[in-house]
Amino acid sequence: MIQIPSDLHPDLVPLAFLLGTWEGAGVSDFPGAEKCNFGQSVTFGHDGRDFIEYTSRTWVLDAEGGKVRPLESESGYWRIGKDRRVEVVMVRDQGVVEVWYGELAEKKPQIDLATDAVARTAASGPYSGGKRLYGYVKSDLMWVGEKATPEVPLRPYMSAHLKKVVTPEEVEAMAKGLGDLPDDGIAFFR
């Protein structure tokens, strides 16, 4: 269920499906890099202003699903205009800063993004741009990323399936919303 916080900036309501902390796993595969399964934790938060703050941490997983080492981390800010255009400014731990533009799909919680500008430090690896697709599917957040380098044309490189982390406060609020249920477990279905 998508909840809209009362203190969310009105412009951000179309992006409310992103809010919260999401955790899950995915696959990373790009020429010249290690192919691996990874774990991910993503947080989309807000403080009442007209942007959503974004942080993501990924780590390599071993065959049993245990953490091996950090993979990538990134953070940034998401905004949306009245025309459903989404803009994202993001910085990655590899020394890359990106400006992304895209659009929120009509009548569904899906965002397509593409890089508009990329800046890299001298220490960063080759990277010339990317695309991302985020979607809210059956209460889960799924995404796929594509990237390009001067040597490799645009192609998928990472994707993940994330589930929302529910805090104890959210569980308590949901329980209060249920009201008084019959205690026999059957009367509820009559």
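I take two strands as paired if DSSP finds at least two bridges between them, and I take strands (E, at least two residues) as DSSP runs numbered from the N terminus. I note that this is a predicted model, in which local features need pLDDT of at least 70 and side-chain atom pairs count only at pLDDT 80 or more, while totals for chains, interfaces and linings use all residues. Residues are numbered from 1 along each chain as its sequence is written, and side-chain values use heavy atoms, with hydrogens and water left out.

**Entry: strand pairing**

I looked up strand E4 (residues 67-80) and found it joined to strand E5 (residues 85-92) by seven bridges, running antiparallel; within this pair, serine 75 has valine 91 in E5 as its bridge partner.

I then followed strand E1 (residues 20-28), which runs antiparallel to strand E2 (residues 36-45) with nine bridges, and which also pairs in the antiparallel sense with strand E10 (residues 155-164) over seven bridges. Alanine 25 has glycine 39 as its bridge partner in E2 and histidine 161 as its bridge partner in E10.

I traced the order E1-E2-E3-E4-E5-E6-E7-E8-E9-E10 as a closed barrel of 10 strands with antiparallel pairing.

**Entry: methionine 142**

I located methionine 142 in strand E9 (residues 140-148). Methionine 142 counts as partly exposed because its relative accessibility is 31%, the class between buried (under 20% relative accessible area) and exposed (over 50%), with a 1.4 Å probe and protein chains only.

Leaving aside neighbours within four places in sequence, I listed its contacts (heavy atoms within 4.5 Å) as Leu133, Tyr134, Gly135, Val137, Ala160 and His161. Alanine 160 lies 18 residues from methionine 142 in sequence and 5.8 Å away in space, C-alpha to C-alpha.

How values were computed. Helices (H or I, at least four residues) and strands (E, at least two) are DSSP runs, numbered from the N terminus.
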